[in-house]
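The stops below go from one selection to the next.

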Amino acid sequence: VAVAAAASWGRGRVVALGHSGYLDAGNLAQVDTARFLENAIAWCARGRPKGELHVLAVDADLEGWLKARGYTQARGVRGSWPTDGVDVILSTRSDMSPDEQARLAAFVKSGGGLILGQTGWGWRQLHGDADIRTHPSSLLLREAGIVWTDDFASPTAAHAFTTTEVPSELLRFDAALDALFPPHGGA
């Protein structure tokens with residue numbers, strides 16, 4: 001079961017996490033969650049040195065953690081999506097207007113990085129059992145090939161997810177699409 005997904009989108013990159021807990025400062029001390037988040041930030045920033053990155057935490061209490069890790073101008077702004085002078089945005093916010101979705105899409109497509117941690121099932125509970133296909137973050141990232149479901153995953157180890165097997169190639173969208181509809185000249 002996927003608990004994280006990543007994609008290039010335009011000139012930028014996105015990481016979608018299946019739970020907001022990945023962006024909770026208290027959970028970053030668990031197992032290697034902090035390392036995972038730093039790797040996700042580095043990937044979204046295309047490996048630029050973290051001292052040069054401007055990372056914005058929106059609705060996630062990560063400002064102190066980001067500063068302690070050496071990110072430049074890491075600042076928390078609750079309830080808004082400023083993108084000027086920002087390289088990577090981290091957020092647990094799942095409600096955004098169509099205008100905000102368009103601004104974030106433009107930000108990523110022009111080279112920005114976006115990391116969202118959310119639960120699809122939690123969003124449904126808070127929105128009167130709304131159709132998961134109307135989840136704002138799914139609407140935002142569907143062009144990048146990422147959507148949330150209303151399902152959930154249980155940890156595979158004590159308070160963590162571990163991998164012991166290489167995931168099937170069919171979990172990659174392009175491989176699954178090729179398996180369903182072989183390219184011209186294929187069998």
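Start by selecting helix α3, residues 98–109. At 1.5 Å a residue, its 12 residues should span 16 Å, and the end C-alpha atoms are 16 Å apart, which agrees; the expected span is 1.5 Å times one less than the number of residues. Helices (H or I, at least four residues) and strands (E, at least two) are DSSP runs, numbered from the N terminus.

This is a predicted model, in which local features need pLDDT of at least 70 and side-chain atom pairs count only at pLDDT 80 or more, while totals for chains, interfaces and linings use all residues. Residues are numbered from 1 along each chain as its sequence is written, and side-chain values use heavy atoms, with hydrogens and water left out.

Within α3, colour E100, Q101, L104, A105, F107 and V108, which are buried. Those residues cover an arc of only 160 degrees around the axis, which puts them on the same side of α3. Buried means under 20% relative accessible area, exposed over 50%, and partly exposed in between (1.4 Å probe, protein chains only); the arc is taken from the directions from the helix axis to the C-beta atoms. Turn to the face away from the buried side to find the exposed residues P98 and D99. Next show β1 (4–9), β2 (12–17), β5 (88–91), β6 (113–117) and α5 (136–141), against which the buried residues of α3 pack; contact means heavy atoms within 4.5 Å. After α3 comes G111, with a positive phi near 125 degrees.

Move to helix α1, residues 33–44. Its buried residues are T33, A34, L37, E38, A40, I41 and C44. Seen down the axis of α1, they fall within an arc of 155 degrees, so they line one face of the helix. Their cover includes β2, β3 (54–58), α2 (63–68), β5 and β6. R46 follows α1, and its phi is positive, near 55 degrees.

Now look for charged pairs. The structure holds 8 salt bridges, each a side-chain nitrogen of Lys or Arg within 4 Å of a carboxyl oxygen of Asp or Glu.

- Select D87 and R48: their closest N and O atoms are 3.6 Å apart. D87 lies in the loop between β4 (72–76) and β5 and R48 in the loop between α1 and β3, so the pair ties together parts that are 39 residues apart in sequence. D87 is buried at 16% relative accessible area, and R48 is partly exposed at 36%.
- Select K67 and E63, whose side chains form a salt bridge at 3.9 Å, N to O. Both lie in helix α2, 4 residues apart, about one turn of the helix.
- Select R124 in helix α4 (residues 120–126). Its side chain meets D129 in a salt bridge (2.6 Å, N to O). R124 is buried, at 18% relative accessible area, whereas D129 is exposed at 54%. Leaving aside neighbours within four places in sequence, R124 is in contact with D129, A130, I132 and D150.
- Select E38, K50 and R69, which are linked in a network of salt bridges.

Finally, zoom out to the whole chain. The protein has 6 helices and 6 strands, in the order β-β-α-β-α-β-β-α-β-α-α-α from the N terminus. Of its 187 residues, 39% are buried. Among contacts between residues at least 6 apart in sequence, 60% join residues at least 24 apart.
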